[in-house]
Amino acid sequence: MSLDRLAPALFVLLWSTGWVVAKFGAIYSDPLTFLSVRYVAAAVLFAMLCRLAGVRWPRDRVTIFHAVVSGAFLHGFYLAAVWWAVGQGVPAALSGIIAALQPLMTALAAPYIIGERLSPMQKLGIVLGFAGVALAIFPKFAGVGGADIPTLALVVNVLGMTSVTYGTIYQKQHLHTGDIRAIATLQYLGALVVTLPLAYLLEPLEIQLSWEFLALLGWSVLGISMGAVLLLLYLIRRGQVSRAASLIYLVPPLAAIEAAIAFGEELTVPMIVGTAIVVAGVYLANRKEVRTAPAE
């Protein structure tokens with residue numbers, strides 16, 4: 001089977017392991033400390049890749065500034081919130097469902113920020129998406145199962161999703177040019193600007209150095225921070241972004257299945273049904289209407 005056929009599914013599979021990595025990472029270090037090390041390694045390796053590939057770096061300070069700021073929201077605040085929430089007891093499966101709200105929130109905010117209009121079907125998708133997440137987390141607030149999940153951790157997880165939503169829109173607004181590999185390097189530096197001070201203030205900056213930690217860090221950097229991003233670049237160049245977009249809806253159920261296998265997390269009926277509703281809502285909210293091209 002060719003890479004063209006494998007790349008979209010492989011990209012989604014790599015991306016979905018992020019929540020499992022977050023839970024495993026808590027075994028060896030505090031979340032912000034782990035993320036800080038991850039961002040340093042990713043930035044260095046991406047910089048080396050850019051050097052070997054002869055990538056042209058942005059010359060103007062405005063583009064550099066926008067890349068750093070977008071990285072602060074796309075990676076820094078977002079993953080800091082998600083990893084902290086998972087470390088505080090939010091199940092990786094539930095965190096993945098909450099993260100699935102990101103494209104819905106982007107679709108909801110786009111009309112007000114960048115002037116995109118929503119079709120009736122997209123509006124229905126947004127309503128379904130929020131209803132699915134509400135169904136998945138309702139048992140916690142009703143005292144039925146998952147009652148040991150801290151409410152603050154759930155709120156922080158949602159705030160993290162809000163951060164990546166803003167970062168996505170910010171990038172659409174301000175980053176129209178520049179090699180994506182160079183932009184990615186600067187974005188990881190932006191993430192480090194956020195995460196390292198927080199780790200210094202909130203954590204003891206201790207790591208249980210072991211082969212397991214190094215293997216987890218290697219997967220986090222090479223598999224997710226670099227591997228998934230490079231696959232996305234490949235898809236962009238091959239014009240197959242739509243195939244990856246259609247499969248991205250599988251991330252929440254994949255994360256839930258991986259968490260169940262790795263940690264024995266229970267897949268409750270509300271979480272399963274809620275995930276299905278969220279997937280349907282995300283699909284409808286991101287569905288593109290077919291329009292006839294104007295005559296030239």
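Reply: Of the contacts in the protein chain with a separation of 6 or more, 89% are between residues 24 or more positions apart; a contact here is a pair with heavy atoms within 4.5 Å. The model is predicted, so local features need pLDDT of at least 70 and side-chain atom pairs count only at pLDDT 80 or more, while totals for chains, interfaces and linings use all residues. Residues are numbered from 1 along each chain as its sequence is written, and side-chain values use heavy atoms, with hydrogens and water left out.

Buried residues make up 47% of the 296 residues; buried means under 20% relative accessible area, exposed over 50%, and partly exposed in between, with a 1.4 Å probe and protein chains only.

Now the interior itself. A nonpolar core is a set of buried Ala, Val, Leu, Ile, Met, Phe, Trp, Tyr and Cys residues joined through side-chain atoms within 4.5 Å. The largest one has 40 residues, and W19, Y39, Y78, W83 and Y188 touch the most other members. Two or more residues each come from α1 (3–16), α2 (18–28), α3 (31–53), α4 (61–87), α5, α9 (180–202), α10 (211–238) and α12 (251–263). The largest share, 10 residues, is that of α10.

With neighbours within four places in sequence set aside, W83 is in contact with G18, V21, A22, G25, P31, F34, L35 and R38. A separate core of 24 residues also exists, and its members include V90, A136, I137 and A285.

Helix α5 spans residues 92–99 and is mostly covered, with eight of its eight residues buried. These are A92, A93, L94, S95, G96, I97, I98 and A99.

The structure holds one salt bridge, meaning a side-chain nitrogen of Lys or Arg within 4 Å of a carboxyl oxygen of Asp or Glu. D179 pairs with R181, and their closest N and O atoms are 2.9 Å apart. D179 is partly exposed at 23% relative accessible area, whereas R181 is buried at 16%.

Key
Helices (H or I, at least four residues) and strands (E, at least two) are DSSP runs, numbered from the N terminus.
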